[in-house]
Amino acid sequence: LDTLLRQAEETSVPPADRAPLLDKAALCRWWRERAAAAFVKEGCRLSLGESLAGDGHYELTTPDGGWGAHFACSFCTGESRYETAQFMIGCDACDRWYHGPCVGVDKKAADQMTEYVCLFCCRKSGTPYKYGPPEPVPKMTRRPRLRQVAALIDEADKIPLSIPEVEPMRRLMSEAAAWQAEASGVLEQEGSAALPASKLLSVIAAGEACEVEPEALPALRKVAAQFLAWQSRARAVLSGELSRDEPLAPHELEAERRLLAEEGGEGG
């Protein structure tokens with residue numbers, strides 16, 4: 001379309017004849033701006049297409065060449081100012097920089113280490129990543145919600161042109177929708193003791209890998225946080241740091257029920 005418009009201008013095609021193409025170009029530009037605002041991280045100079053198809057890496061520099069430490073790294077979306085305000089650590093193999101907490105490294109560990117090799121370089125060399133489990137999850141985009149992406153694709157389908165970015169976006173949406181369908185079954189088991197804790201955590205890990213965030217993910221994160229809080233309390237009781245007589249909070253009772261369900265399933 002851009003090529004056609006350029007040729008029309010070069011050959012002095014009357015504006016009235018160019019109007020239909022100009023209208024379509026304006027629609028595409030409007031849609032791309034909306035889609036880029038949903039997917040492309042703040043400060044990222046990758047195009048929408050590059051963000052959708054790439055590995056999430058980009059230079060953390062401002063337009064004037066300065067250091068943009070407040071930008072999102074390859075393991076965060078940049079939506080949380082708490083994340084982007086954290087200290088950064090550079091990989092000694094690839095010279096890329098990441099927020100320490102985003103890659104599982106706390107400040108004390110960072111101050112003591114003599115070398116850091118990031119998850120991407122560990123995968124390339126086939127060596128285990130030292131700062132897990134769990135391993136950090138790469139994030140290519142801002143990870144918009146499934147509902148927002150579905151609306152964007154619906155808008156694109158109504159534009160009488162083929163927009164290259166739509167197909168990779170549709171693929172990411174399909175992955176999130178498939179996870180959503182599985183998670184719906186998990187949420188339906190909320191009221192029953194049949195849901196093992198390991199299954200819940202496994203489903204959440206798969207959801208965290210989606211570049212489009214499914215609508216059910218925040219609810220499952222909350223349930224997982226409750227279980228992990230109970231698990232931490234149980235360890236404190238077993239180590240003697242906390243009294244056994246201290247009553248359990250409601251969310252800790254729920255986590256206990258899940259763990260007992262898991263043990264019952266394994267026993268069967």
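The largest nonpolar core has 45 residues, and the members that touch the most others are Trp-31, Phe-39, Tyr-98, Tyr-116 and Met-169. A nonpolar core here is a set of buried Ala, Val, Leu, Ile, Met, Phe, Trp, Tyr and Cys residues joined through side-chain atoms within 4.5 Å; buried itself means under 20% relative accessible area, exposed over 50%, and partly exposed in between, with a 1.4 Å probe and protein chains only. Two or more residues each come from helix H2 (15-39), helix H3 (48-53), strand E1 (88-90), helix H6 (119-125), helix H7 (146-157) and helix H8 (166-188). Helices (H or I, at least four residues) and strands (E, at least two) are DSSP runs, numbered from the N terminus. Leaving aside residues up to four places away in sequence, Trp-31 touches Leu-48, Leu-152, Glu-155, Ala-156, Ile-159, Ile-163, Glu-165, Val-166 and Met-169; contact means heavy atoms within 4.5 Å. There is also a second, separate core of 11 residues, with Val-203, Ile-204, Cys-210 and Val-223 among them.

All of this comes from a predicted model, in which local features need pLDDT of at least 70 and side-chain atom pairs count only at pLDDT 80 or more, while totals for chains, interfaces and linings use all residues. Residues are numbered from 1 along each chain as its sequence is written, and side-chain values use heavy atoms, with hydrogens and water left out.

As for the overall fold, the protein chain has 11 helices and 2 strands, in the order α-α-α-α-β-β-α-α-α-α-α-α-α along the sequence. Of its 268 residues, 37% count as buried. Among contacts with a separation of 6 or more, 56% link residues 24 or more positions apart.

Helix H10 (residues 217-238) passes a simple length check: its 22 residues should span 32 Å at 1.5 Å a residue, and its end C-alpha atoms are 31 Å apart, which agrees. The expected span is 1.5 Å times one less than the number of residues. Buried positions in H10 are Leu-217, Leu-220, Val-223, Ala-224, Phe-227, Trp-230, Arg-233, Ala-236 and Val-237. After H10 comes Gly-240, with a positive phi near 85°.

The largest pocket holds about 860 Å³ of space. Its lining counts 32 residues, with Glu-135, Pro-136, Val-137, Lys-139 and Glu-208 nearest the centre. Helix H4 (81-84), helix H9 (197-208) and H10 each give two or more residues to that lining, and H9 gives the most, with 5. By class, the lining splits into 18 nonpolar, 5 polar and 9 charged residues. Ala, Val, Leu, Ile, Met, Phe, Trp, Tyr, Cys and Pro count as nonpolar, Asp, Glu, Lys and Arg as charged, and the others, Gly among them, as polar.

On a 1 Å grid over the protein atoms alone, a pocket is an open set of points with protein on both sides within 12 Å along at least five of seven lines, a cavity is a set where a 1.4 Å probe fits but cannot get out, and lining residues have an atom within 4 Å of a point. Points are joined across faces, edges and corners, and a volume is the space filled by probe spheres set on them.

There are 2 cavities of 30 Å³ or more. The largest, about 40 Å³, is lined by Lys-41, Glu-42, His-70, Phe-71, Ala-72, Thr-77, Gly-78 and Arg-81.
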